[in-house]
Every structure is written in structure tokens, then in C-alpha cells.
Amino acid sequence: MGSSFHTAIFCDKSSKITFRLLFAQTEIHTYSVFLFYGSMTRIPLAGSQGKYDYDLLVIGGGSGGLACSKEGECIVLCVTGTKWGLGGTCVNVGCIPKKLMHQAALLGTAVKDAKKYGWQIPDTISHDWPTMAEAVQNHVKSLNWGHRVQLQDKKVKYMNLKGSLVDEHTVRGLSKAGKETVLTAKNIVIATGGRPKYPTNIPGAAEHGITNVALECAGFLKGIGLDTTVMVRSIALRGFDQQMASLVTDYMEAHGTRFAWKSVPNRVDKLSSGALQVTWTDTQTGSEHKDTFDSVLWAVGRAPETKALGLDKLGVQLNKETGKIVVGPDESTSVPNIYAFGDIGEGRPELTPTAIKAGKLLAHRLAGQSTELMNYDNVPTTVFTPLEYSCVGLSEEEAEKRHGKDGIEIYHAFYKPLEFTVAERDASQCYIKVVCEQGGNGKILGLHFTGPNAGEVAQGFAMGFQCGATYSHLIQTVGIHPTCAEEVVKVHITKRSGLDATVTGCS
Amino acid sequence: SLSAEKPHVPFFFCGTKTEALHWSARPRSRPAPTEEARSTASVASSCYSTSLQSTTTRVSFLSPSRSLPRALPHTSRREVSFNVQDSEDFTERVINSELPVLVDFHAQWCGPCKILGPRLEKAVAKQKGRVAMAKVDIDDHTDLAIEYGVSAVPTVIAMRGGDVVDHFVGIKDDDELDSFVSKVIGQ
């Protein structure tokens, strides 16, 4: 492992891509260790004083680990063994740079649209990768620093060591120089997240679908002018509503991203020219194909580096397929005083907000301040592809599985954002789907939206969802005009009716 | 966009740089940060990540401990403006400096820092050797920056005889800098 690249995207030979600027992380181990030091200031913590160095030790300095440690009431010791600055995957190579680059691509589209709105813009505009990369990295570094300051403000002591478990109460921290520090704690929390998976042998690589990461990356790379091809072994956006997933990929295909569907890579060879030649098989036809690219990125999933943590020695139960730690609803593992949460937890959403919330609640529980568990239901999410897709609740497939086709009513609509009209943009994939329970007030089971600013649109609806909103609540809500979001409260055509669901006019 | 937080007043920690941080209860009769210092640290003039909540404003001025006097006589360094190399360098050239020293805490990723830097150099140069300027990159010298309670950048700390005598956060214009520097020298 310890890979350099994050996404399986093949770029055209004519493109110049210096992806290394952002994704070349050659380090392997990135662990942060936080420790709560018992009873120095306020509430005496539940548990032992004096038997262990610390009441609580958190390994991991990303979204989850930081939130958990900052929530500590007492002096907290933080230890990291990473080349990244503080903030984990999200800040350094995930959500933050992703969204910024997505924005860069959107701005490119906006500049082209601007001509139709009267702006005098030259016919050809180009994008300068180094400028964007520097700007993104500057922001990431400012966040790294900000987290460092926050730890300081919350009285978290910070050390730079790579942590691994020696036994259920002991962690060994290794400095960059190789110096060892041994720390003991009553409770240990693992929040080390995941790292990109690198296909170990390309022929017959492990079965993985394309995740949102790959599509998002392909999306903004194409958006800034690089020719991009996405190779998909089976389906896109596994786990998401498949109708919505196909709208997302349809949009990308219509806008120039190439897809090699149902294909698997066989080998990647480096040519004398320096370009990479990829050989793959179309599993539907059995035919083999070859093409050359400047860069090859793998986005075949992420997995935790549990081996380096020493979990196998301790008997911490892992899921054999994913390598993630099996956790209970209170983030407990198979070993009594060891907890795990965030990306490393099996079955947990790989999202920053859930990791942060879970971390805070865990810290409170371990300090004996509350018994509240993390609620992983009703978590809204957004895929930041060129056409953004956001959702909260169940997919149509899942709702059908749970309630039966006759147990649900699906309202939907194809709409056109007003901004697209003057810009003469194609809105064929702008779509809303509200999956409700059949009968009664029609409790909303799932809400799906593709369109501009999908994340912003869905956040408010997620709150309604959390409150148990029904279809009747939805249609009682007055829309804000003119917006795309108002179309959500206006859905009235059911899938069952078979009628044309295209919105016309303002009614 | 930059966070709309209140001007941050750095909180200074005591203790030698090599030890674990601990709190010192050594109050000094030093001026509290002036209203001027607070008001100039406006939103647009300093860098701070938007994902952070504002920190509380604390006002104590605890000065850093002095290190032992140098055993060897030092060759007098004539550089008026220099980059701090490490904590020993900081001790020697800032804490133990005979001149008052302005410490410019800055970062590569900070836009306003790139504006303030040259202005500060100009203000220091005007004083023709009566004040020195030490530049500290907070990513290279994180521990030092944290020890001096740097939060937002740019943060400039004025030191005289090893004690912090004044500071400001954010950008100042040339006139404001000139008066700040004059005050530090004691004119």
C-alpha cells in the first residue's frame, strides 16, 4: 500500500497532468494519538487514576480523531506520525481539495456560460494547473495550522509519533527519527481512517465498483480541460440509488468524459515515450483494448492499515473483506476497552460529519458525561460530480426491498434550472425523486436531487427528513421562487402514473 | 473567504522550548494589548481557516523564560533582518539580542503575510540598525509559534531584553508600522 495516487482515471495522451502535486503522498503511516490526562482540571473521570498514564488515548488525527480529542474535558495529549498536517484525509486529500477543484471546474463552465449573458470573453480560455494546485494547497496548509492552534486552545498536547498497539492498554509511539515512546491508557480509541487501495496484481484485481471519489475526480479533471476516461468494472456509485447514478454518469458522458463500462484493466506498461499504455478487457464482449494515457489513477476503494496498528495481535475483530474494524453501536470493538470510529469502522459512512459527531459523542460517553449514541440514520450526502447529486434516506431499490413496490409511492420531476436557459445548457439529467410510504400522510423514506448546488439544496430537506417529514408536509411548504429547490416541494407526478414528469412553466 | 472572527490576542506560554508545555504563573507588569492592536486585526488582514471557531480572547502577557547567558562572546551580527533557523537561533538572536527585535510570524500560504513582510522590512530599515527583524515561518517552526501563542497570521511580536513588549495581528500600513516600531525602540 502506501500508494501515490487515489483514483482510477485514465487520462488522454494529449493531456498534461501533474497530479503528483496534490496526490503524491508517499508516506504509509499516518496516525495521531491523543490522550486524555485524567482529572487535572475539572470532573474526575470515571475510571482509574494512576494505574495508566492516561484515561483515554486516541490514535488518529483526522476529522474523527481531532473531534474526539478536542471534546476532552481534561488535558489531552495528541500524537501524530504523519507527513500530512493535521486534519486527516478530509483536509489533506479528500473533501476539501476535492470541493475546491470541483469549484475550479464549475467556474470554467460558468465562464463559458457568461458569454451568453453578455460578458465579453475570449473564445478560448485555458486552465493553469499549478496555479490551482498552489491555491488549494495553501488553503489546506492553513487548515492544518488551524487544527494545530485548536488543539492548543483545547489544551491538547501535540506530539509527532506513529502509534501502534502493544497490548490493550499500551501504545507504542515511534518518532520520525526512530525514537520510541511507550504510553498506557485505560481506554484506546482508533480513528485512523483509510488509505487508498492499490491493485496488487492488475490481472484479476479485486472486485470493486467505482466510488464517488473516482467520478468526482474524473469530473473536475474533465472540467478543467483534461481528456479523461473512466473505467468501471461493474456499476457506478455502488450503494447509491442507481437511477440517480446513471443520471450523473449520463451527464458526464454528454459532456465529454469517456466511460469504459464493464471493463477490467489487465496491465499497465510504461512506454519509452514515458506515456502509460493500459490494456483492458471489455467483459461484455470479451474483446481486449489498448490505449495510452499520461496518468493512471486508481479509485478502487479505501481500506484501513490495520496491520501496522498491530490489531491482529490483540484480537480486534476485523471484517475479512473490507479489513475494517467490526464495531458496535457505541463504537466498541471486540476488545473491551478499545473503540473505533470514522472511516475505519465497518459499515460506517465514509463521511467527515458522521466521524466528527461520533467522535464527540464517544468522548462524552467515555468521560461518563452521557450515554447518547451516534445516530447513523438519515445522514444526507452529496456527490460533487459535474452535475451534483445529493440524497438523504433510502434509495428507491432499498425502499422497495423494505416496503415492497406497492408499499411506496414515488414522486418525481425533471426540471430545468432557470440559469441554464439563457446559457443554453442541457438540463436532461436535472431530476428530483421523493420516495414515500404508501398511504397515510406518506412519510418520506428517501429524497434525491440532481442539479446545481445539490448539497446546499439538500441540507435543509435533511432536517425535514430528520423530523419525520411526510409528503403532505412537503406539498404544504411554499416554494422559494425562482430556485431549483422549490421544485422539490412541488413534486406531484408519481412514477406509478406513468405520466410525463417534465416540469413546464411555473405551476 | 476568511472567517469573521474577533481579533485574536495571542496567549503566551512559559517554559523552555525543549520541555513539555506547562503553564506558568509569572505575571509581568507589561502593557495589555492595546485597543489599537485589536482593532487593526480586521477580518481581511489576517489568515485563518474558515472551518475553525473563534478562539477566546485572553489578555495575559506571560513572557518566555530566558535561557542562560552565552558562555562565549558572540560575534556581533549586523543583519537587521534574518530568518530564524531553529530555537537555539531564536534564543541567541532574539531573546538575547541587545537590540529590540520584531518577530514576524508568517506562513507560505498566507496572502496578507506577503503584504506585511516587505512593509515591515522597510519600517525596520528606516531605523538604521536600531531594531532588528526576525522572520519565523510557522510551518517550519510550529513549536516556536505555538509557544508564543500565535494563532492567526501575520502576527508580529516586539521583544526587548527577552521580554514581549508589544504585538499586533494582521496588516498595518506604513505609517502605523513606523509608529509601532518607534514605540518599540522607545522613541
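Student: Where in chain A does A:Y117 lie?

Tutor: A:Y117 sits in the loop between α4 (95–116) and α5 (129–153) of chain A. Keep in mind that this model is predicted.

Student: Now chain B. How many helices and strands does it have?

Tutor: Chain B has five helices and five strands. From the N terminus, their order is α-β-α-β-α-β-α-β-β-α.

Student: How do I read confidence along chain B?

Tutor: Look at pLDDT, the predictor's confidence in each residue. The average for chain B is 71, and 58% of its residues score at least 70. Among the elements of chain B, strand β2 (residues 101–106) has the highest mean, 97. Helix α1 (residues 35–40) of chain B has the lowest, 40.

Student: Which stretches of chain B stay under 50?

Tutor: Residues 48–68 of chain B do, and the model gives them 74 contacts beyond four places in sequence. Residues 70–76 of chain B are also below 50, with three contacts beyond near neighbours in sequence. Where pLDDT is low, predicted coordinates should not be read in detail.

Student: What scores does the predictor give the complex?

Tutor: An ipTM of 0.73 and a pTM of 0.79.

Student: Why is strand β4 of chain B called largely enclosed?

Tutor: Count its buried residues, those under 20% relative accessible area. Strand β4 (residues 155–160) of chain B has six residues and five are buried, so the rest of the structure largely encloses it. Across chain B, 50% of the 187 residues are buried.

Student: Which strands pair with β4(B), and in what sense?

Tutor: Follow the bridges. β2(B) pairs with β4(B) in the antiparallel sense over five bridges. Within that pairing, B:V103 has B:I157 as its bridge partner. Strand β5 (residues 163–169) of chain B also pairs with β4(B) in the antiparallel sense, over six bridges. There, B:R160 stands opposite B:D163.

Student: How many residues lie between β4(B) and β5(B) in their hairpin?

Tutor: Two. In the turn, B:G161 has a positive phi of about 60 degrees.

Student: What share of chain B's contacts join residues at least 24 apart?

Tutor: Take the contacts between residues at least 6 apart in sequence: 79% of them do.

Key. Residues are numbered from 1 along each chain as its sequence is written. Chains are lettered from A and ligands numbered from 1 in the order in which they are written. This is a predicted model: local features need pLDDT of at least 70, side-chain atom pairs count only at pLDDT 80 or more; totals for chains, interfaces and linings use all residues. Side-chain values use heavy atoms; hydrogens and water are left out. pLDDT is the predictor's confidence in each residue, from 0 to 100. Helices (H or I, at least four residues) and strands (E, at least two) are DSSP runs, numbered from the N terminus. Contact means heavy atoms within 4.5 Å. Buried means under 20% relative accessible area, exposed over 50%, partly exposed in between (1.4 Å probe, protein chains only). Two strands pair if DSSP finds at least two bridges between them.
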